[in-house]
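Here are some exercises to work through with the model open beside you. Try each task before reading its solution.

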Amino acid sequence: MLGGKVMDNVNDDLSELVSKYAIENFKSGLNCAESVLEALIRAGALPVAKDAVGMCTGFGGGIGLYGATCGALSAAVMANSAVYGRKDPYAVDAAVRGSEIADKYYRRYNALVREFVERNGCTSCEGISSKYDDWEGKDRKIYCMKMIGATAALAYKYLQMPQEEAFSLPYGKNMRNM
């Protein structure tokens, strides 16, 4: 479903490099969110200043070890928003400003989250980590390390998707339709 042009646009070598950098970062003590964003920047896949990594610090452990949304996923969304987010939402007429974001922009992030959930079972750090008895244990760290690498590659995949293509992606779970 999400293949086609998206997969054609993805440079497999750069995707692997992004994943490798993210894993190296995590092994070096960066948190999950920092690992993903720094890897994308270092690989040249995300054209933002290196100090943008600082925006990710609080997202580790599902936002300050709270267990909420996985930091790697948060960084993947931030990276895509940095490139494809609305740069000036006030430039959009107020009558359609709110609906425009849901009608167009959210589709990219909805699909990214859907793929993340297909791979990891949920979006929360707590849910992902709950199968491990010890937060500091080797098994959890190995799982998270691999997941961080895969999530960095997923972020890169969506960075390669042209905006018009993303605007036409189908929604998965959608709060507007609940």
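This is a predicted model: local features need pLDDT of at least 70, side-chain atom pairs count only at pLDDT 80 or more; totals for chains, interfaces and linings use all residues.

Residues are numbered from 1 along each chain as its sequence is written, and side-chain values use heavy atoms, with hydrogens and water left out.

**Exercise 1.** Work out the secondary structure of the protein chain and check its radius of gyration against a compact globule.

*Solution.* Start with the DSSP runs (helices: H or I, at least four residues; strands: E, at least two; numbered from the N terminus). They give nine helices and zero strands. Next, take the radius of gyration over C-alpha atoms; the globule rule is 2.2 Å times the number of residues to the power 0.38. For 178 residues the rule gives a value near 16 Å, and the chain has 16 Å, so the two agree. Finally, the C-alpha atoms fill a box of roughly 50 × 35 × 30 Å along the principal axes.

**Exercise 2.** Is Ser19 buried or exposed, and what does its side chain reach?

*Solution.* First, locate Ser19: it sits in helix H2, residues 12–27. Its relative accessible area is 16%, so Ser19 counts as buried (under 20%; exposed is over 50%, partly exposed in between, with a 1.4 Å probe and protein chains only). Then list contacts (heavy atoms within 4.5 Å): beyond neighbours within four places in sequence, Ser19 touches Gly149, Ala150, Ala152 and Ala153. Last, the Ser19 side chain reaches the backbone oxygen of Gly149 at 3.2 Å.

Technical notes. A polar contact is a pair of N or O atoms within 3.5 Å; within protein, one must be able to donate a hydrogen and the other to accept it, and residues adjacent in sequence count only if both atoms are side-chain atoms.
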